[in-house]
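Q: Could you walk me through the strand pairing in this model, and then what sits in its core?

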Amino acid sequence: MENSQSGTYPQYVRTIRRSKRKYSVVVHFYLRMAWLFIALFLMEAAIFLFTETYQFFLDHLLTVFLFAFCGTLLFAFVGKGSLVETVCVDYKKQEIRVLRYDLLKRQYKIVIPFEGFSWDVKRGGRAPDRLRMFQSDGRRVVVCEGVLGWTFEDFQRLRSALSKVVAQDD
């Protein structure tokens, strides 16, 4: 998608960070996985205890544990997005710099030039809105609202900054 404003950018740099910064985005992700595992384990344990005998539950405790573990992995890794900490929109250099992490807490800096850049908002899923930024080569960087520490206000600031670069894809 071509730039809708073709070079009439403001002459400043705008940095948008996650507001919920008590923990790093990676720790935030692992805490979410732990809570999800506990919730799934307790839910499955309650189902087993109320539908079968106590001895049956004890005999199949490993099965309950494995189901909870597999469910946690499924929900945690499907659609987790990129663990994005900071997005910097540099109108002077005409690039977007994204600071993200992998699950081993290794830091990556991605530079996306304005040329060929596009973005959209995907509705639904675990987060009410998921902002997706696409590089010119088609790779994407995803910033989630709420799930990984991005508040609605952060999301709106990022939308506003990206709207000055190129119009949102439908």
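Hairpins and core

A: This is a predicted model, in which β2 and β3 form a hairpin with four residues between them, and Q94 in the turn has a positive phi of about 55°; strands here are DSSP runs of E with at least two residues, and helices are runs of H or I with at least four, numbered from the N terminus. Local features need pLDDT of at least 70 and side-chain atom pairs pLDDT 80 or more, while totals for chains, interfaces and linings use all residues. Residues are numbered from 1 along each chain, and side-chain values use heavy atoms, without hydrogens and water.

Q: In what sense do β2 and β3 pair, and over how many bridges?
A: They are antiparallel over seven bridges, where pairing requires at least two DSSP bridges between the strands; C88 stands opposite R97 in β3.

Q: And which residue in β4 is the bridge partner of E95?
A: That is P113, and β3 and β4 also pair in the antiparallel sense over seven bridges. Their hairpin has five residues between the strands, with K105 in the turn at a positive phi of about 65°.

Q: Why is β3 largely enclosed?
A: Because six of its seven residues are buried, meaning under 20% relative accessible area with a 1.4 Å probe, protein chains only.

Q: Switching topic, how many residues has the largest nonpolar core?
A: It has 24, and V87, V89, I96, F117, M133 and L162 have the most contacts inside it; such a core joins buried Ala, Val, Leu, Ile, Met, Phe, Trp, Tyr and Cys residues through side-chain atoms within 4.5 Å.

Q: Which element gives the largest share of this core?
A: The largest share, four residues, comes from α4.

Definitions and conventions:
Buried means under 20% relative accessible area, exposed over 50%, partly exposed in between (1.4 Å probe, protein chains only).
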